Amino acid sequence: MNEIIEHESKCTECGERITPDEWYTSDDGDLYCAGCYFEKFVSCAQCNKELYKEEQMLNDEGTCYCESCYYDNYTRCEDCDREIDVNTETYYVVKGEHYCRHCVEVK
Ligand SMILES: [Zn+2]
Ligand SMILES: [Zn+2]
Ligand SMILES: [Zn+2]
């Protein structure tokens with residue numbers, strides 16, 4: 001049985017007519033033209049999950065992550081608010097708070 005699902009071939013956002021090779025589908029199943037899709041959504045650099053732009057977490061280099069991937073890779077120093085890459089940088093945990101090496105070793 002081949003079931004053909006009829007798509008309304010219009011962009012959800014701007015209403016422009018789009019063909020199947022041009023459209024982008026959000027995880028909710030809405031269709032967007034390329035312009036509107038990239039206006040609205042980004043994908044996590046680590047797990048590739050689709051995110052609304054408002055939900056993205058940016059690292060200091062401007063790479064976007066979903067919240068859980070961001071906290072897998074980065075934390076912030078309680079003291080100076082600097083971003084710490086937990087995979088490559090040494091940091092300290094003091095009473096459950098994270099501190100960069102600089103803040104701990106200088107004081
Ligand atoms: Zn559009
Ligand atoms: Zn992610
Ligand atoms: Zn610090």
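Predicted model: local features only at pLDDT ≥ 70, side-chain atom pairs only at ≥ 80, totals over all residues.
## Contacts around Ile18

Two residues are in contact if their C-beta atoms, placed from the backbone, lie within 7 Å. Once neighbours within four places in sequence are set aside, Ile18 is in contact with Ser9, Lys10, Cys11, Trp23, Leu31 and Cys33.

## The nonpolar core

Ile18 is also one of the eight residues of the largest nonpolar core.

## Two domains

Stepping back, you will find the protein divided in two: domain 1 covers 1-40, and domain 2 covers 44-106. How many Å separate the centres of domain 1 and domain 2? Taken over C-alpha atoms, the separation is 34 Å.

Along the sequence they follow the pattern β-β-α-β-β-β-β-α-β-β-β-β-α.

## Overall shape

Now for the whole protein. The C-alpha trace spans about 65 × 30 × 20 Å along its principal axes. The radius of gyration is 20 Å, whereas a compact globule of 107 residues would have one near 13 Å.

Two further figures round out the picture. Of the 107 residues, 15% count as buried. Among contacts with a separation of 6 or more, 7% come from residues 24 or more positions apart.

Conventions:
Residues numbered from 1 in each chain as written. Chains lettered and ligands numbered in written order. Domains from an automatic or database assignment. Helix = DSSP H or I, 4+ residues; strand = E, 2+ residues; numbered from the N terminus. Rg over C-alpha atoms; globule rule 2.2 N^0.38 Å. Buried ≥ 20, exposed ≤ 12 C-beta atoms within 10 Å, placed from the backbone. Core = buried A, V, L, I, M, F, W, Y, C linked by C-beta atoms within 7 Å.
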